[in-house]
Amino acid sequence: MSSVLYDTPGPRAKQRNVLLSVVFFVLLALLLWWVWQTMDDKGQLRWALWKPFTESQAWTTYLLPGLSNTLKAAALAMVIALPLGAVFGIARLSDHQWVRIPAGAVVEFFRAIPVLLLMLFANAFYDLYTGVSSEQRPLYAVVTGLVLYNASVLAEIVRAGILSLPRGQSEAAMAIGLRKGQTMTNILLPQAVTAMLPAIVSQLVVIVKDTALGGVMIGFTELLNTRGTLAANYGNVIQSFVVVAVIYIVLNFILTSFASWLEKRLRRSKKSTGAVLGADDVEDINAGEVGGTPATGAGGGTI
Amino acid sequence: MFDFLEGYDVLGAFWTTVQLTILSAVGSLIWGTLLAAMRVSPVPLMRGFGTAYVHIVRNIPLTVIIVFTSLGLADIFGVTMGSRDFDVQGFRLAVLGFVAYTAAFVCEAIRSGINTVPLGQAEAARAIGLNFSQTLRLVVLPQAFRSVIGPLANVLIALTKNTTVAAAIGVAEAALVMKEMIENEAQVLLIAAVFAFGFVVLTLPTGLIFGWLSKRLAVKR
């Protein structure tokens, strides 16, 4: 195989590659053996520590309720953040400065702040100024923090989605006499929503990962939090971390695969304009490129 | 109006945030470059390892990794990171966690930078008789580095925000000090505004400088 870095290997290069493979294999094997030995020395491989995960009790009392809370917070955050994000995304594209600039300021502000700060603030805010019960407060705080942050990210996704459509679409709409609002609701948004779908699913991965913050910092009983109770009960810290990590990996892997399947399907589809926002764009937007958004503009870079 | 700031080392907290960011950035740049080199290497096993690392680490929440460094590595395996002092140890463990996590994103940024160099560039370089290291040094890498600045700046900004997760293992950086203040003082809105302002001050110049740099250095194609 040929790439930009190297040509199809000849006989000497093939030999060298085999040698490198062997050396790397030995190093990797040594590393794995060392990890295995260390685990064994500390008695972490004892079956008694892993056994709880083969029985239903650990799952039904700790892991599954935790996972369901994780998913609940993620789903709530996404459902609330989507319309908010759409409003701000469209506002940023407005022709009126007095709409565009404040909307832009709000979006850039919330993208520049760590989501943990937003959660901590929401938690204290609900405690002081509202009557939310203390059992419900962590969920409210986590969802509020996630909504504030992700609404601003989704606003950028919506904006990039609309900008990724060919100019001809809005020009044609204007030519047949549609108003600005009609162009947006009847022509641009329906197409942008399809273009944005992969990006929205990818954003779900980010939301799921961020719920774990609420578990540690404000006592929201999600997966990472219930892991602590489980480990305190069975005395298996390492094992519970491994199982929880695997759950997160599988969950996020399913979401990522679904997003890239959607992306491929949309790119192939003959009905659409072929404009798609993929996972790479989401990563750029999440970083919070404050002060100008070079990578997320119309058709920029990876599209 | 700002007398609630007394008794709290807010500047010190942000200095810890900056230190965490810089150390983790340097570490993850090194480890991420190595991973990227593996992912684009002609050796299938190395490619497999790089791909597996990136996909596994990216899908685990950073919080899980950071909490694991403290509860797992330090408490169970006795990793002390060369210090018995709880604060120093927590700081170093957090840097270790950030490096392990951020390297996966650095690797992807660098790999995508290499992939933006058109195949024709390398083919032309080989056609005029340049050897492997010349092709890499004179043609491919100079173009790749320029297109990598933007994505790497994104990773750096994300890392700056992510350092707040170190609060989960008791590192006295901005988020932890904010948590303490919010619990003890009444002016919740003001406290939140001060810390939000601090992060805007940290991330805004990074975004502006690197955005300008990546536009200036962009390869015109």
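Residues 59-79 of chain B are 67% helix and 0% strand, with 25 Å between the end C-alpha atoms. Helices here are DSSP runs of H or I with at least four residues, strands are runs of E with at least two, and both are numbered from the N terminus. This is a predicted model, in which local features need pLDDT of at least 70 and side-chain atom pairs count only at pLDDT 80 or more, while totals for chains, interfaces and linings use all residues. Residues are numbered from 1 along each chain as its sequence is written, and chains are lettered from A and ligands numbered from 1 in the order in which they are written.

The unreviewed UniProt entry places the feature "transmembrane region" at residues 12-38, 59-79, 91-110 and 188-213 of chain B. Such annotations may be inferred rather than shown by experiment. Two of these stretches are set out below.

Let's turn to a helix pair. In chain B, helix H3 (residues 62-74) packs against helix H4 (residues 86-115) at an angle of about 135°, with the axes 9 Å apart. Axes are lines fitted to C-alpha atoms over the stretch in contact, and angles run from 0 to 180 degrees between N-to-C directions. H3(B) and H4(B) are therefore oblique to each other, the term for angles that are not under 35 degrees (roughly parallel), over 145 (roughly antiparallel) or 65 to 115 (roughly perpendicular). From H3(B), residues including Leu62(B), Ile65(B) and Leu73(B) meet residues of H4(B), among them Leu93(B), Gly97(B) and Tyr101(B); contact means C-beta atoms, placed from the backbone, within 7 Å. The residues of this contact of H3(B) with H4(B) comprise ten nonpolar, five polar and no charged.

Now for the two chains together: their contact takes 53 residues from chain B and 50 residues from chain A. On the side of chain B that touches chain A, H8(B) gives the most, with 13 residues. That side of chain B has 39 nonpolar, ten polar and four charged residues.

Finally, a look at one residue of chain A. Gln239(A) sits in helix H10 (residues 237-268) of chain A. Gln239(A) is buried, because 21 other C-beta atoms lie within 10 Å; the cut-off for buried is 20 or more, with exposed at 12 or fewer and partly exposed in between. Leaving out residues up to four places away in sequence, Gln239(A) touches Leu49(A) and Trp50(A).

Key
Ala, Val, Leu, Ile, Met, Phe, Trp, Tyr, Cys and Pro count as nonpolar, Asp, Glu, Lys and Arg as charged, and the others, Gly among them, as polar.
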